[in-house]
Amino acid sequence: MKRSRFPSAATAAVLVFFYLPILILIANSFNASRFGSGWQGFSFRWYARLLREAEIWQAARNTLVIALTVTVVSLVLGTTSALALHRFARSKLQRFHFTLIYTPLVVPEILMGISLLMAFVAAGVPLGLFTIFLAHVTFCISYVALVVLGRLQDFDYAVVEAAQDLGAGWWMTARRVLLPMLAPGLAAGALLAFTLSVDDFVITFFVAGPGATTLPIRVYSMIKHGATPLINALSTLLLALTFTTVFISRRLTRTKVLEGKI
Amino acid sequence: MRRKYQEALLTVPTLVWLVLFFLGPTLLVFFLAFRPPDPYGGVGPGWTLSTVRALIHPYYLTIAWRTLWISVVTTAICIFLALPTGYAIARSAPKRRNLLLMMVIIPFWTSFLIRVFAWRSLLHPEGPVKKALVALGLVGEQTPLLYNTGSVILVMVYTFLPFSILPIYAAAEKFDFRLLEAARDLGARPFPAFRRVFLPGIRQGVVTATLVVLIPSLGSYVVPDLVGGPSSEMLGNKIAQRVFVDRNLPHASALSIVLILAVLAPLVAVLLLQRKKAKPEIILEEGA
């Protein structure tokens, strides 16, 4: 049977569409020209300028602190939630629990942002880094819970019961049986929570208040006020970071898969 | 008894967190729409219907309609592009398939703002796309590529396309391609075979892809804000304006309710349709 060439051609076009804008942006970050309207020679000047922008580094530090704490808290909450959903799947409480975990994923970000803002204003919580942290944990829990739940559904719970039958206490069971089996799911969940927190703009923008700045908020105001070459350089650094993370995580999951086979 | 205790221990932390920071705040939005605003950007005492009544105005109707059609067009384009892409990835050899999948997933991990910004500089009057199109004689020197509805749809497709490819690929991967070959052997031409055999086979994937693009599209705020103009403002922009510019939270709440209803409509529609379809399929399975 002769297959149509159309799907492959469309895929190639889609990939060019995905990557060309990003490649042009990276190239322009090394362009000496201020407006990026033509190539005026290779230069690191925008990266050098970036180093001197104290506000960007402050924002980067805030982003990192928030992302790390959010990752830890949402990993703990998401994992307990996944364990409950998996272990007590048939109870009425878990059906409500699952709905509550699932719904934030389908709610547009702006709605979550505005409802959290109103809740904080109504409760008199001052807006700042702490409210950003609370908001990020709220949307990260769902992602972590579903990723870990996916991993839990793959393994045989009888192993845990066997460990308990053989006299292991709950701490021993958790540490020696559950944790090693869950590790790839936990790593994937943590990575996802970290990335979502670092990248989030809309919800953060609503609950940040006037004082607190994260990297996406800083980037947004730079876009609005037209610091184009600096954003190119900053974006390139962030993209490099993303590619490295994706590469490392692929490596990690690959070795995990192999271990599983042995 | 111990089981109940265990369940509570594992469930209560997330349940409390999500009730406090998700369910509660969402319900609060419905209440605040009926409270009067105070001049300091807060909420005044008493109850009023005036905010909700103010929404029944041709101006908001235009914006709601525009939000709807921009989202529908974006979704249609995404599905149109995702179908051949998902199909091609599912049919390629395993090694190549992994590479293609990774290339579709990477944009998902890269910053949303950066991807919007990349297009903003591409479409800029001094940018490369504009220059190329003018050199080819396709557009005039004065034709703006940025700050209109066209640029909003283009960038929305760009940011949402990976989300629509993945569910379609996931469905296509489970599809038995021998069915397609059988249809071709029986004389079906490629496109009718695709439409009558492949498309119904991956229906669930198409439904998921539609929802994951349509719902965030309806709530779009950043894309129309950064690459759109006054003529392409969407509900999300109005909500943000009421919050940050007018500092009128009740009005923002009322607009949010409109958005919530707009998002719920397709979800409920899909749920009802699937309930209807699900029954005969179960009978079929049991019969077989």
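**Close-up views of a predicted model**

**View 1. Contact of H5(A) with H1(B).** Ile114(A), Ser115(A), Leu116(A), Met118(A), Ala119(A) and Ala122(A) of H5(A) meet Phe21(B), Gly24(B), Pro25(B), Thr26(B), Leu28(B), Val29(B) and Leu32(B) of H1(B) (contact: C-beta atoms, placed from the backbone, within 7 Å). By type, the residues of this contact are 10 nonpolar, 3 polar and no charged (nonpolar: Ala, Val, Leu, Ile, Met, Phe, Trp, Tyr, Cys and Pro; charged: Asp, Glu, Lys and Arg; polar: the others, Gly among them). The model is predicted: local features need pLDDT of at least 70 and side-chain atom pairs pLDDT 80 or more, while totals for chains, interfaces and linings use all residues. Residues are numbered from 1 along each chain as its sequence is written, and chains are lettered from A and ligands numbered from 1 in the order in which they are written.

**View 2. Surroundings of Leu116(A).** Leaving out residues up to four places away in sequence, Leu116(A) touches Ala135(A), Ile203(A), Phe206(A) and Val207(A), together with Phe21(B) and Pro25(B).

View 3. Pro128(B) lies in helix H6 (residues 128–135) of chain B (helices: DSSP runs of H or I, at least four residues, numbered from the N terminus). Pro128(B) is partly exposed because 18 other C-beta atoms lie within 10 Å (buried: 20 or more such atoms; exposed: 12 or fewer; partly exposed: in between). Not counting residues up to four places away in sequence, Pro128(B) touches Ile24(A) and Leu122(B). Between the C-alpha atoms of Pro128(B) and Leu81(B), 47 residues apart along the chain, the separation is 24 Å.

How values were computed. Contact = placed C-beta atoms within 7 Å. Helix = DSSP H or I, 4+ residues; strand = E, 2+ residues; numbered from the N terminus.
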